[in-house]
Amino acid sequence: MLLPVLNVDKAASDQGQYTKTIYNFLESIGINVSLFSLIILLLIAFLFKGAFVFLQKTLASYIRFSLIKDIRIDFCNKYKGMKYSYYTNTSIGYLNNIITTEIGRGVGALNRYTVVIGSLIFILIYITFAVIINYKMTFMVLFLSLLLFTLMRSLSRLSKKISLLVSETNAQVQSLLIQTIYNYKYIKATDSFTHIFKQLFAKINKNYIYQFKSVVLTSIPSSIIEPISVLFISGLVLYYVGFQGKTIAEIFVLVIFFYKAFSYIFRFQSDWQKFNASLGGLEVMSKASRILNNNVEKVGKRQIIAFNKAIELRNVNFSYGSKQVFFDVNLAIQKNKSIGIVGDSGAGKTTLFDIITGLLTPQSGKIFIDGIDCSKLELSSLRNIIGYVTQEPVIFNDTIANNISFWECKSQEGPCKKMIKDAAILANCDRFINEAEMGYETIIGDKGI
Ligand SMILES: Nc1ncnc2c1ncn2[C@@H]1O[C@H](COP(=O)(O)OP(=O)(O)OP(=O)(O)O)[C@@H](O)[C@H]1O
Ligand SMILES: [Mg+2]
């Protein structure tokens, strides 16, 4: 845009094709070409550019963050629907890392991709103007850029590889960290931090090395943009001034333009490299999505609202891989009967409950609830009528009332509060809760302390 302003005082024969085109355009729309009108035009153009940049950044952030939010929710739903057997074979850190870190990195990669496309558009605009100004020079710039791009390809590939290693070590760090925090009491009581931290710190260190390498690799193209551009421009000046005998003033505008054009073209390489460096997150995300889609729990359509008669197991055989745990088990549990399942450790007690709750599916045989085949049931309706006290307490960092009602009660008073109290009386803990300073509104930590 500065070109026509700088050329305003020059003779028409000296103005160059680009300046002439702008002047002709201004005259065709009835604007008199003068320094004042050109500066006003320049100001308007840059005001528009500023507004456009603001809109573009706001819109890009809106798309980015709403995409992160939607993908996070989508993954939470995928976790809800995945097979229990897939969950038991998958690291907690891996599942956690996808939602906390990789989705952000993955969307970052998409963001980078739009930057790459944006750079391409800028390059196209610059090339178009460059051809008008000096086509020979343009081809030279393009040739040099292609050469550099080819040289940098192996860097891009390395960035992509390291990006995957960053994702992998992110998951490993999170896995160990979650387990350390979860088992904190035991680790503290037995002073086992040294052993666990040796592992954890080794993973943190690996992660740090990969992250650092990744940044170093992306810094290479961005940091050599200027030196190479200056080298190119110096060559240009030498050619015109040294060989063709032109003055610096004559080629000044040309030099500035090609310097900018060359920087843009080369910045594309840097953006491409950054895109590759964030590809790990995108790959982890899409791979996890594919695997989760292949591991969706199969559920029937029939709803069950209440339990009326009996739970029955008929000729049930169950194996974990090659290890058979149930051999042709037949069992009927009638409503309102209290049954104790006794057996050695590893006999299969927990497996039995996992089969009844539909977490595990036997290889053969059937389970009936009130005479309905479990495989025909919509499993969440069955699980809704199951009360389950596990060995590990399931307590959330919230009030006792919310822990009992699972956030179902909107008001402190009324029938809902009575239901919570009735449940506590039935479980024999109403008196104990009332002894707490805030009663049912007492906050209990996520470890129930
Ligand atoms: N996810 C799994 N993968 C492979 N084998 C498993 C898995 N879960 C349990 N097992 C094996 O299946 C057998 C039955 O395990 P289960 O947990 O049902 O026993 P249990 O009777 O509940 O034992 P405990 O009294 O120790 O709780 C055990 O030998 C156990 O090692
Ligand atoms: Mg058990």
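1. Start with the helix pair α3 and α10. In this predicted model, α3 (residues 35–81) packs against α10 (residues 279–294) at an angle of about 35°, and their axes are 10 Å apart. The crossing of α3 past α10 is left-handed.

2. Who touches whom there? On the α3 side you'll find Ile71, Phe75, Lys78 and Tyr79, and they meet Met285, Ala288, Ser289, Leu292 and Asn293 of α10. Sorted by class, that contact has 6 nonpolar, 2 polar and 1 charged residues.

3. Moving on from α10, have a look at Asn308, which sits in the loop between α10 and β1 (310–320). If you set aside its neighbours within four places in sequence, Asn308 is in contact with Lys335 and Asp370. As for Cys416, it is 108 residues from Asn308 in sequence, and the C-alpha to C-alpha distance between Asn308 and Cys416 is 25 Å.

4. Now the ligand site. The shell around ligand 1 takes in Tyr320, Lys323 and Val325, among others. By class, the shell divides into 3 nonpolar, 5 polar and 3 charged residues.

5. Which elements each supply at least two residues of that shell? They are β2 (323–334) and α11 (349–356). The largest share, 3 residues, comes from α11.

6. Ser345 places a polar side-chain atom 2.6 Å from a ligand oxygen, and Thr350 has a polar side-chain atom 2.7 Å from one. With Ala347 it's the backbone that takes part: a polar backbone atom there is 3.3 Å from an oxygen of ligand 1. As for burial, ligand 1 taken alone exposes 630 Å², and the protein buries 61% of that.

Conventions. Residues numbered from 1 in each chain as written. Chains lettered and ligands numbered in written order. Predicted model: local features only at pLDDT ≥ 70, side-chain atom pairs only at ≥ 80, totals over all residues. Heavy atoms only, no water. Near = heavy atom within 4 Å. Polar contact = N/O pair within 3.5 Å; in protein donor to acceptor, adjacent residues only side chain to side chain. Areas by Shrake-Rupley, 256 points an atom, 1.4 Å probe, with all protein chains shown as cover. Helix = DSSP H or I, 4+ residues; strand = E, 2+ residues; numbered from the N terminus. Nonpolar A, V, L, I, M, F, W, Y, C, P; charged D, E, K, R; others polar. Axes fitted to C-alpha atoms, helices over the stretch in contact; angles between N-to-C directions. Left-handed = near helix turned anticlockwise from the far one by under 90°. Contact = heavy atoms within 4.5 Å.
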